[in-house]
Amino acid sequence: MEIGQVLKPQGIRGEIKVKPLTTDAARFNALKAVCVGGRQYRIDGVRIAADGVYLRLDGITDRNAAETLRGLFLSVDDALAVPLDDGEFFIAELIGSELYSRSADGAQTRVGVIKRVDSYGAADVFEALRDDGKTVSFPYVKALDPVFDRQARRLSVLGSKLAEVAVYED
């Protein structure tokens, strides 16, 4: 399960800045280890800041070593993932999931596939590749009444609300 992405080295002692792929960055405080680029690292330190999460990993002791991790994703075994409440899901689960528009009568129309989720603080912004090859971006807001089917890897949102908040590529 992907939980973050290394943005850049921070300082000269090997600390890395991570973009969390979770709604609660404080979850990083409970982690003992992460996998980065296929290699397991023990976490030696965590700092949570408004602009990201800063980690010190065992064996990454200088800026050059931290630079080799730039752009890589951090993951944990699914068994170590934080338990979710009903209706909650991990952002990483959404990437590659199908996006459907739901009408008031419950009929659903496929829109495309979710390709990316960016976290900006106020709301996550989803980008989906539509079936016609163009993209649609939209903020994740409660008014969309999202329903995620984990088994089918399918996110369904209210079509009328999606039309109000979405930005479509021309």
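Strand S9 (residues 124-130) and strand S10 run antiparallel, joined by five bridges. Strands here are DSSP runs of E, at least two residues long, and helices are runs of H or I of at least four residues, both numbered from the N terminus. Two strands count as paired if DSSP finds at least two bridges between them. The model is predicted: local features need pLDDT of at least 70, side-chain atom pairs count only at pLDDT 80 or more, and totals for chains, interfaces and linings use all residues. Residues are numbered from 1 along each chain as its sequence is written, and side-chain values use heavy atoms, with hydrogens and water left out.

**Strand S10 and its partners**

- Leu129 has Thr135 in S10 as its bridge partner.
- The hairpin of S9 and S10 has four residues between the strands, and Gly133 there takes a positive phi near 90 degrees.
- S10 also runs antiparallel to S13, joined by two bridges.
- In that pairing, Val136 stands opposite Tyr168 in S13.
- Side chains alternate along S10 (residues 135-139). Val136 and Phe138 point to one face and are buried.
- Buried means under 20% relative accessible area, exposed means over 50%, and partly exposed lies in between (1.4 Å probe, protein chains only).
- In a regular strand the side chains alternate between the two faces of the sheet.

**The seven-stranded sheet**

- S9, S10 and S13 belong to an open sheet of seven strands, in the order S11-S12-S7-S8-S9-S10-S13, with mixed pairing.
- Strand S11 (147-149) and strand S13 (167-168) are the edges. Each has a single partner strand, so one side of each is left without a neighbour in the sheet.
- Strand S7 (residues 98-102) pairs with strand S12 (residues 154-158) in the parallel sense, over five bridges.
- Arg102 stands opposite Leu158 in S12.
- Strands of a sheet pair through backbone hydrogen bonds, either parallel or antiparallel.

**Nonpolar cores**

- A nonpolar core is a set of buried Ala, Val, Leu, Ile, Met, Phe, Trp, Tyr and Cys residues joined through side-chain atoms within 4.5 Å.
- The largest core has 19 residues. Val34, Leu55, Leu57 and Leu74 touch the most other members.
- Five strands each supply at least two residues of this core: S1 (2-10), S2 (15-20), S3 (33-36), S4 (39-49) and S5 (52-57).
- S5 gives the most, with three residues.
- Leu55 is in contact (heavy atoms within 4.5 Å) with Gly14, Glu15, Ile16, Val18, Phe28, Ile43, Gly45, Val46 and Leu74, leaving aside neighbours within four places in sequence.
- A second, separate core holds 17 residues, including Phe89, Leu155, Leu162 and Ala166.
- In soluble globular proteins, nonpolar side chains tend to be buried together.

**Salt bridges**

- A salt bridge puts a side-chain nitrogen of Lys or Arg within 4 Å of a carboxyl oxygen of Asp or Glu. By this rule the count is 13.
- Arg47 bridges to Glu15, with the closest N and O atoms 2.9 Å apart. This pair links distant parts of the chain: Arg47 is in strand S4 and Glu15 in strand S2, 32 residues apart.
- Arg47 is partly exposed, at 39% relative accessible area, whereas Glu15 is buried, at 12%.
- Lys17 bridges to Asp51, with the closest N and O atoms 3.2 Å apart. Lys17 lies in strand S2 and Asp51 in the loop between S4 and S5, so the pair ties together parts that are 34 residues apart in sequence.
- Lys17 counts as buried, at 13% relative accessibility, while Asp51 is partly exposed, at 46%.
- Lys17 also touches Gln5, Val6, Leu7, Lys8, Gln10, Val53 and Tyr54, among others, not counting residues up to four places away in sequence.
- Asp44 bridges to Arg42, with the closest N and O atoms 3.0 Å apart. Asp44 is partly exposed, at 36% relative accessibility. Arg42 is partly exposed as well, at 47%.
- Lys19, Arg116 and Asp118 are linked in a network of salt bridges.

**A loop position**

- Thr23 sits in the loop between S2 and S3. Thr23 is exposed, with a relative accessible area of 67%.
- Thr23 and Phe90 are 67 residues apart in sequence, and their C-alpha atoms are 8.4 Å apart in space.
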